[in-house]
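Hi there,

Here is the structure I promised to hand over. Have a look, and my notes follow below.

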Amino acid sequence: MATLEKIRSKSVFLIVVIGVALFAFIIGDFLTSGRSILGNDRVVATVGGDKIDIIDFQKRYNEAAQQMQGRANDLDHAVLQQQVLEAMVQEKLINDELEKLGIEISADELTEFMVGNNASYQLLQFAQQMGVASPAELYSMIKNPSNFGLTAEQVAPLKQQLLQIENQTEQMLKYAKFERLVSGAIQANDLDKKVLNADNSIYNITFTKKSLADLNDEEFPVSAADLKAEYNKNKERYRLNTEVRKANVILVNIVPSEKDEQEGQAIFEDAVVELRNNEGLGSLLSNDLISIKQSYTTLARITNSKIKDFVAAASVNELSEVSHVGETYSVTKLIGKKVETDSAMVNIVLAQGDVALQDSVLAQLQNGIALAEFEGNENVQVAQQEQWINLMDLPAQENEAKNKIIAAGKEYFVLNSNDQGAVFCKVVEKKAPKTQYEIAEVSYTVEPSETTKQDLRDKLQSYIIDNNSHPNFVSNAIPAGYQAMEVQLTNDMPQINNVKDTRKVIQWAFSAKKNEVSPIFEADDDYYVSLALAEIIDGEFAPISDTNINLALTDQVRNDKKAAKIIEDIAGKANDLNGYAALLDGKVDTTTVNINTPFISLIGFDPILTGAVAGTPVGALSTPVKGVNGVYVFTVNSVDAVGTTLSDAEAAARYAQRIGGVAMTTPGRQNQTPIILEILREKQPVKNQMLRFY
């Protein structure tokens, strides 16, 4: 019966999910200006020549949202939507490659992973949830439902879920083969292994330098032609995969006013007076403004050291000191103490049937029947066997059951019953009684009043009216008490500055004109948001006029000119480091360089210098080297090996981790997309059109 109920509950769940998906699609189509239900307007993204349909996307999104229910209350739907779409894009990229490579999974391979000795943990869990011992029994239930007291209609939802798991498993096995193929194609050769062993060296150098910052910028002018030449030299760095909209955004945090703070403090002070003047919680139990968390606990379970110290030393009805953190005031009150067992090891047996059946089962239990004897009895289920339960964690409505367990001996007894069934319990073992403390954590969080919210909104609205173009919106922000932050928006961004519910602001930006200022948007009840559109960049490359790009190019060209000047002035004019130090107005220092470490002591981050050091023979005087921030001359005094020399197998494994198969197929630390997917994306451009729908 438990299995039947689980299947019934799953079928209801599936109907709800399908209903929600259809409803969301129909309403979504209605709200997007009457788009054709059957046309290209259903396309949420394209991957090369393939299309991702809005119905398929909505179905996947609903499944993901259902899985996240209760686990991430603060999840932004726009973030989840983007994650789901990205997963579908990656599937299409890889599936297309799998098809080209002819990678398939045989029926035997799939069977082994579904029901064999190597059955997946996901499937084993699912089998347990359905009340059967193994995945093989799940399939048996579908093929022969009558053997389990079920009908074909009752197992239909289960069949659908298993089919979905089969498809997911087949894809996973294909991906694993693809990863092995990629890894096998990128292996370390003898030269790679030699370089990796060289990386295990520390170079001891003596050097002198001239910092580029020591030269006057005004003596090295940068022309438009210089910038264009430098831009063209590294133009691929500025390639755009999608349209970019540059803007400035004002985020007004909706926080309590000073008056709100004063009123909130007064409310909490009244609550503290009530707690001091009364036993227990007094009238606070009916005060909707005050939050109260009551619990039984031991000292060992209290994680806050201040509260633990208070409870250990306090008398009953005593209050702790008031805590004020951020907008929240809190105080702890010791309501009572008692010495009682807090944990018990129990057997729990469920009997489904009338009173006569219940009496029979209880008699058998009290006469010592082995619990294994009930296996296969559809009216009796062993719910727990010799499992510890924490009695303090039981809810208040279970106090009667809790007291029965505490008072119980070694015999089975009725924990709960009615005309249809009973719960029997046996206490196998109890923990020794401990001192338990009943505490109440009383708190109040000051919220912004409606008057405060309206004042903040009115002030921002007045600012928008008076500064309704981008230049004024930005230039007048600071005097008005705002910060107009620069942002770069793309159509696949779910949020602005990680603020929840700002996707609608991005939607506005992609329908706006240059210099236009948005109306006020509310984001997650915490912010009022307004945005001014500065620039629309819809070309193949980010333009040289972009402020950040222009500044970076200017710095690079100017530094190149400075370095060239320094090198021209000193090249070949000295025979040793002391001579070069005199020419550079510098001093001679020593430091160490390790190829595996990005920073050099006394110098800083300079991969150019690191490479030059690694290529210079011991004892040789280098030519002047242009680094990131200066010009250097050095000698390599010695090279020390770090650790042991890598074996061929160790070198091959390190190569795979750094630039080989593992690096290609594993998500990176900063960019969670594996490199191989970025390569596939270059072959099949992705166009994200979700902004049209959400």
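Which residues of the largest nonpolar core touch the most other members? They are Val44, Ile52, Phe57, Val84, Leu85 and Phe178, out of 26 residues in that core. A nonpolar core here is a set of buried Ala, Val, Leu, Ile, Met, Phe, Trp, Tyr and Cys residues joined through side-chain atoms within 4.5 Å, and buried means under 20% relative accessible area with a 1.4 Å probe, protein chains only. The largest share, eight residues, comes from H3.

Before going on, some housekeeping: this is a predicted model, where local features need pLDDT of at least 70, side-chain atom pairs count only at pLDDT 80 or more, and totals for chains, interfaces and linings use all residues. Residues are numbered from 1 along each chain as its sequence is written, and side-chain values use heavy atoms, with hydrogens and water left out.

On to Asp546, which sits in the loop between strand S15 (527-537) and helix H17 (547-570); helices (H or I, at least four residues) and strands (E, at least two) are DSSP runs, numbered from the N terminus. Asp546 counts as buried because its relative accessibility is 4%. A polar atom of the Asp546 side chain lies 3.0 Å from the backbone nitrogen of Asn548. Beyond its neighbours within four places in sequence, Asp546 is in contact with Lys246, Gln488 and Ile537.

Happy modelling!

Definitions and conventions:
Buried < 20%, exposed > 50% of the residue type's maximum accessible area, 1.4 Å probe, protein only. Polar contact = N/O pair within 3.5 Å; in protein donor to acceptor, adjacent residues only side chain to side chain. Contact = heavy atoms within 4.5 Å.
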